[in-house]
Amino acid sequence: MPRFVMRGRPAPEPTSRLPLAWGDYRTRYVLGVALLIAGAALVSETTAVTFSLGLVGSAVHLAGWVVQPGRPLARAAVALPSLVFCWCTITGPKTMWLLALVLPCWLLVRRRPPITYWSVALPLGLGLVLASAFSHVADKGLTFWTVVVGVILGAWLAREYALRVRLVHTDRIGPTPAPGPGTP
């Protein structure tokens, strides 16, 4: 039966061990996060008049996934759904909760265990509460940044959980060794 064991020191970030074709891990991580958030912010402020702002935001957001260190297939798999969730926020606070669905994309790229996906509840709950409290498009900025903070907190909680807790199997795997002389 598996059990969870707290680790004294956090484990290394799984994506930090991947070989990178260019740049260093820390720079790509920080730049990727900045591009993802900036792109989402530009897309969320898009209106019929500022459609070009949304196109620039889309390119910036996709560049954030390209820059982010991670497995190329995972980054490619989440880039388009993440962008669609960002575009869903242009109608205002009532749909800002969809921005919380970018967090599972992040968790997939960052190679978090499936149990950490519970952290999506934080930004999703924030977004739904804000959707019931605000309805005017003028409140879009406040709701966007509140949900983004919720996504960041959810990602941080998932990281802390994944790097400090590891799954340990207490059962022996493989054939049971034959008892030797002097073994009861």
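**Before you start**

This is a predicted model, in which local features need pLDDT of at least 70 and side-chain atom pairs count only at pLDDT 80 or more, while totals for chains, interfaces and linings use all residues. Residues are numbered from 1 along each chain as its sequence is written, and side-chain values use heavy atoms, with hydrogens and water left out.

**Stop 1: the whole protein**

Show the protein as a cartoon, and look for 6 helices and 2 strands; here helices (H or I, at least four residues) and strands (E, at least two) are DSSP runs, numbered from the N terminus. Followed along the sequence, these elements come in the order β-α-α-α-α-α-α-β. Of the 184 residues, 36% are buried, where buried means under 20% relative accessible area, exposed means over 50%, and partly exposed lies in between (1.4 Å probe, protein chains only). Contact means heavy atoms within 4.5 Å, and among the contacts between residues at least 6 apart in sequence, 73% join residues at least 24 apart.

**Stop 2: helix 1 and helix 6**

Two packed helices are described by the angle between their axes and the distance between the axes. Axes are lines fitted to C-alpha atoms, for helices over the stretch in contact, and angles run from 0 to 180 degrees between N-to-C directions. Select residues 25–44, which form helix 1, and residues 140–164, which form helix 6: they pack at an angle of about 155°, with axes 11 Å apart. That makes helix 1 roughly antiparallel to helix 6, on a scale where angles under 35 degrees count as roughly parallel, over 145 as roughly antiparallel, 65 to 115 as roughly perpendicular and the rest as oblique. Now show the side chains of the contact, which are Ile-37, Ala-40, Ala-41 and Ser-44 on helix 1, and Lys-140, Phe-144, Trp-145, Val-148 and Ile-152 on helix 6. These residues divide into 7 nonpolar, 1 polar and 1 charged, with Ala, Val, Leu, Ile, Met, Phe, Trp, Tyr, Cys and Pro counted as nonpolar, Asp, Glu, Lys and Arg as charged, and the others, Gly among them, as polar.

**Stop 3: helix 2 and helix 3**

Next select residues 51–67 (helix 2) and residues 72–87 (helix 3), whose axes come within 10 Å and cross at roughly 150°. Helix 2 is therefore roughly antiparallel to helix 3. Among the residues that make the contact are Phe-51, Leu-55 and Trp-65 of helix 2, and Val-78, Leu-83 and Cys-86 of helix 3. The residues of this contact comprise 11 nonpolar, 4 polar and 1 charged.

**Stop 4: helix 4 and the residue after it**

The buried ones are Val-102, Leu-103, Cys-105, Trp-106, Leu-107 and Val-109, and what covers them includes helix 1, helix 2, helix 3, helix 5 and helix 6. Move on to Arg-111, which lies in the loop between helix 4 (102–109) and helix 5 (121–133). Its phi is near 60°, a positive value in a residue other than glycine, and Arg-111 is partly exposed, with a relative accessible area of 36%.

**Stop 5: two loop residues**

Select Thr-46, in the loop between helix 1 and helix 2, which counts as buried at 2% relative accessibility. Thr-46 and Trp-87 are 41 residues apart in sequence, yet 8.6 Å apart in space, C-alpha to C-alpha. Beyond four places away in sequence, Thr-46 touches Phe-51, Leu-53, Gly-54, Trp-87, Ile-90 and Lys-140.

Then select Asp-139, in the loop between helix 5 and helix 6, which is partly exposed, with a relative accessible area of 24%. Asp-139 touches Pro-93 and Phe-134, not counting residues up to four places away in sequence.

**Stop 6: the cysteines**

Finally, how many disulfides are found in the whole structure? The search finds 0 disulfides, a disulfide being a pair of cysteine sulfur atoms within 2.5 Å. The sulfur of Cys-86 is 9.0 Å from the closest cysteine sulfur, in Cys-105, too far for a bond.
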